[in-house]
Amino acid sequence: MKKILGLDLGVSSIGWAIIEIDGDNNQNKILGIGTRVIPLLPDEKDQFEKGNAQSKNRDRTQQRTARKTNFRYKLRREYLTRLLIEKDMLPTSEFFGLSSLQLYSIRAKAATEKISLIELGRILLHLN
């Protein structure tokens, strides 16, 4: 006697059956059969019908990704600040009050001529 488990994996359900095969008598017997339906929320169903299958944990994943991105940005910023202090390139408060136009003009100036270390430090902080 041999037992076989058959599974049918669908998008929102799992079907199963267990059969027993008796090779001597050529008799097959169904031991169990069933279905497990995984209900979709209305929003998930709408998205699925549009062809945008999304996991149930999509929102949690997006929030976790945002937290990790923000954490890594802060780590880079902290590391850059320590490095600029170590190299005496950390800008003074007057460079943090620059308008966007002034900051981009310093960046344009750096492309064509020599700038001070403090100005370079401010550009690096802006790029970060």
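Strands are DSSP runs of E with at least two residues, and they are numbered from the N terminus. The model is predicted.

**Exercise 1. Determine which residues make the nonpolar surface patch, and which strand gives the most to the patch.**

Step 1. The members of the nonpolar patch are Leu 5, Leu 7, Leu 9, Ile 14, Trp 16 and Ile 38, and the patch has an area of about 580 Å².

Step 2. Two elements, strand 1 (2-9) and strand 2, each give two or more residues to the nonpolar patch.

Step 3. With three residues, strand 1 gives the most.

Step 4. Ile 14 is placed in strand 2. Its relative accessibility is 31%, so Ile 14 counts as partly exposed. Membership of a patch requires over 30% relative accessible area.

**Exercise 2. State whether Glu 20 is buried or exposed, and identify the nearest side chain of opposite charge.**

Step 1. Glu 20 lies in strand 2, which covers residues 13-22.

Step 2. Glu 20 is buried and has no salt bridge.

Step 3. Lys 3 is the nearest side chain of opposite charge, at 4.4 Å.

Step 4. When neighbours within four places in sequence are left aside, Glu 20 is in contact with Met 1, Lys 2, Lys 3, Gln 27, Asn 28, Lys 29 and Leu 31.

**Exercise 3. Identify the residues that gather in the patch of positive charge, and classify Arg 60 by its accessibility.**

Step 1. The patch of positive charge on the surface consists of Arg 60, Arg 64, Arg 67, Lys 68 and Arg 72.

Step 2. Arg 60 belongs to helix 2, residues 58-86.

Step 3. Arg 60 counts as exposed because its relative accessibility is 54%, and the cut-off for exposed is over 50%.

Step 4. An α-helix has 3.6 residues a turn, so residues three or four places apart point the same way.

**Exercise 4. Locate Asp 88 and describe its phi angle.**

Step 1. Asp 88 is found in the loop between helix 2 and helix 3 (93-96).

Step 2. Phi of Asp 88 is near 55 degrees, a positive value in a residue other than glycine.

Step 3. Relative accessibility is 61%, and therefore Asp 88 counts as exposed.

**Exercise 5. List the buried residues of helix 5 and name the helices against which they pack.**

Step 1. Within helix 5 (residues 117-127), the buried residues are Glu 119, Gly 121, Arg 122, Ile 123 and Leu 125.

Step 2. These buried residues of helix 5 pack against helix 2, helix 3 and helix 4 (100-112).

Note on methods:
Residues numbered from 1 in each chain as written. Predicted model: local features only at pLDDT ≥ 70, side-chain atom pairs only at ≥ 80, totals over all residues. Heavy atoms only, no water. Patch = residues over 30% accessible without salt bridge, like charges linked within 9 Å, V, L, I, M, F, W, Y side chains within 5 Å. Areas by Shrake-Rupley, 256 points an atom, 1.4 Å probe, with all protein chains shown as cover. Salt bridge = Lys/Arg side-chain N within 4 Å of Asp/Glu carboxyl O. Lys, Arg positive; Asp, Glu negative; His and termini not counted. Charge placed at Lys NZ, Arg CZ, Asp CG, Glu CD. Helix = DSSP H or I, 4+ residues; strand = E, 2+ residues; numbered from the N terminus. Buried < 20%, exposed > 50% of the residue type's maximum accessible area, 1.4 Å probe, protein only. Contact = heavy atoms within 4.5 Å.
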